[in-house]
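Colleague: I would like to learn how to read this model with you. Could we go through it feature by feature, beginning with the ligand?

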Amino acid sequence: MTQDRHTNKRVLLTGGAGFIGSHTYVALIEAGYDVAILDNFENARRDVPDRLEQIVGTPAQVFDCDIRNTEAVQGVFAAEQFDAVVHFAALKSVPESQSNPMGYFETNCIGLYNIASAMQATGVSRIVFSSSAAIYGNPESMPIAEETPACPQSVYAQTKRVGEEFLTSLAQATPDLRLGILRYFNPVGAHPSGLIGEDPSQTPTNLVPVIARVASGQMAELRIFGGDYPTPDGTGIRDYIHVLDLARGHVLSLDALFGETGSHCVNLGTGTGYSVMDVVKTYERVSGRTIPYHITDRRAGDPAVSCAATGQAKAVLGFEAQLGLEDMCVGNWHFLNRQNR
Ligand code: UFG
């Protein structure tokens, strides 16, 4: 839409070395933005900035900083003047959030407060916030529209909802502040270079990283959580979205904040749901491997179906996902193989 229109806009990506952050870095650079990364590398590989340099051709500027550290955050904002922040930095595991709620509130809420506070102190008036479809909980009607009341079912989801509400209140009380809330559905895939992707060094709990482990022989089998859902094959249905599409959504969100559109809150999904079984079959096809599995009990808190209503993202941002499940599995498998080489 507005490639190169905002060439001189300087954007700070918190969590910019992570899975979605690193892909968004590439997309923003390609769109002409001037981008810096803030990350503490707790859940990202140290060599991601070098890999980003290989992809975009210029060195990445990196602030090694923990968003929980108020003074360190202030130091970053004192060192540079930014025009906008894209705030990815957060903890994101649902089960971990249940066992460490204080840690989740500290990073996801106090960390966000530190960023917003430093933005206010230095006159940064645009922020894109990573939110999640998890804030909807288990709504009855599908697809899920943005107006659906929030009903977080986990500490993780609650921290994201608190973040949304905090920033929304702040924007209402601060006339200059423009806010983009992006509610991600299930991100999968990797950059076609195979240089960046979902970090395989973590013990995965999400479906595709687990399948990838099984396909590569690092795990014996996939446990499918529930085969008796009211879905065509009995397994859970999700709206998987390619991380490249998601990254492009952030470019459009920033473009909107710098343009006429202003503040917005949208889902980022494809609108198409795939079952666990669909993902297994597709991954088997693209990898040429067999994925052994067995069906176990349902996982607590899992909805049967989660699919995005995509009309608002299209109407407000002009966003439509372009890549499908096969592209996502190919990207994931290619990334994994490059790491293991
Ligand atoms: N699943 C399995 N076996 C596994 C892992 C997952 O059968 O080993 C199933 C789940 O039961 C579900 C589907 O695969 O039906 C997807 O599960 P994920 O864990 O990959 O994703 P979720 O939909 O549970 O959650 C993801 C993110 C959350 C985010 C949410 C938004 O992990 O952070 O999407 O809806 F909040």
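Modeller: Gladly. One idea to begin with: a polar contact is a pair of N or O atoms within 3.5 Å. Please also keep in mind that this is a predicted model.

Colleague: What lies 2.7 Å from a nitrogen atom of the ligand, and what lies 2.6 Å from an oxygen atom of the ligand?

Modeller: For the nitrogen atom it is a backbone N or O atom of R223, at 2.7 Å. For the oxygen atom at 2.6 Å it is a polar side-chain atom of N206.

Colleague: How much of the accessible area of the ligand does the protein cover?

Modeller: On its own the ligand has 690 Å² of accessible area, and the protein covers 88% of that.

Colleague: Which elements give two or more residues to the shell around the ligand?

Modeller: Those are α7 (207–215) and β8 (222–225). The largest share comes from β8, with four residues. Altogether 20 residues surround the ligand, and S132, N206, R223, R238 and D302 are the closest. By type, the shell holds 10 nonpolar, five polar and five charged residues.

Colleague: Now the sheets, please. What is the order of the strands in the open sheet of seven?

Modeller: As a general idea, two strands count as paired if there are at least two bridges between them. Here the order is β3-β2-β1-β4-β5-β6-β11, and the pairing is parallel. At the edges are β3 (61–64) and β11 (264–268), each pairing on one side only. From one strand to the next, the twist averages 20°.

Colleague: How many bridges join β1 and β2?

Modeller: Five bridges join them, in the parallel sense, with β1 spanning residues 10–14 and β2 residues 34–39. Then look for helix α1 (residues 19–30), which lies across β1, β2 and β6 (178–184) and runs at about 170° to β1.

Colleague: Why is one side of β12 and of β14 left without a neighbour in the sheet?

Modeller: These strands belong to an open sheet of three, ordered β12-β9-β14, with mixed pairing. Both β12 (274–275) and β14 (305–306) stand at the edges with a single partner strand each, so one side of each has no neighbour in the sheet. Strand β9 (residues 237–238) pairs with β14 in the parallel sense over two bridges, and I237 stands opposite V305 in β14.

Colleague: Last topic: the backbone. Which peptide bond is cis, and which residue has a positive phi although it is not a glycine?

Modeller: The general idea is that most peptide bonds are trans, and most residues other than glycine have a negative phi. In this model, the bond from M142 to P143 is cis, with omega near -5°. You will find P143 in the loop between β5 (126–132) and α6 (155–173). The residue with the positive phi is F41, at about 60°. Look for F41 in the loop between β2 and α2 (48–56).

Technical notes:
Residues are numbered from 1 along each chain as its sequence is written. This is a predicted model: local features need pLDDT of at least 70, side-chain atom pairs count only at pLDDT 80 or more; totals for chains, interfaces and linings use all residues. Side-chain values use heavy atoms; hydrogens and water are left out. A residue is near a molecule or strand if one of its heavy atoms lies within 4 Å of it. A polar contact is a pair of N or O atoms within 3.5 Å; within protein, one must be able to donate a hydrogen and the other to accept it, and residues adjacent in sequence count only if both atoms are side-chain atoms. Accessible areas come from the Shrake-Rupley method with a 1.4 Å probe; for residues, only the protein chains shown count as cover. Ala, Val, Leu, Ile, Met, Phe, Trp, Tyr, Cys and Pro count as nonpolar, Asp, Glu, Lys and Arg as charged, and the others, Gly among them, as polar. Axes are lines fitted to C-alpha atoms, for helices over the stretch in contact, and angles run from 0 to 180 degrees between N-to-C directions. Contact means heavy atoms within 4.5 Å.
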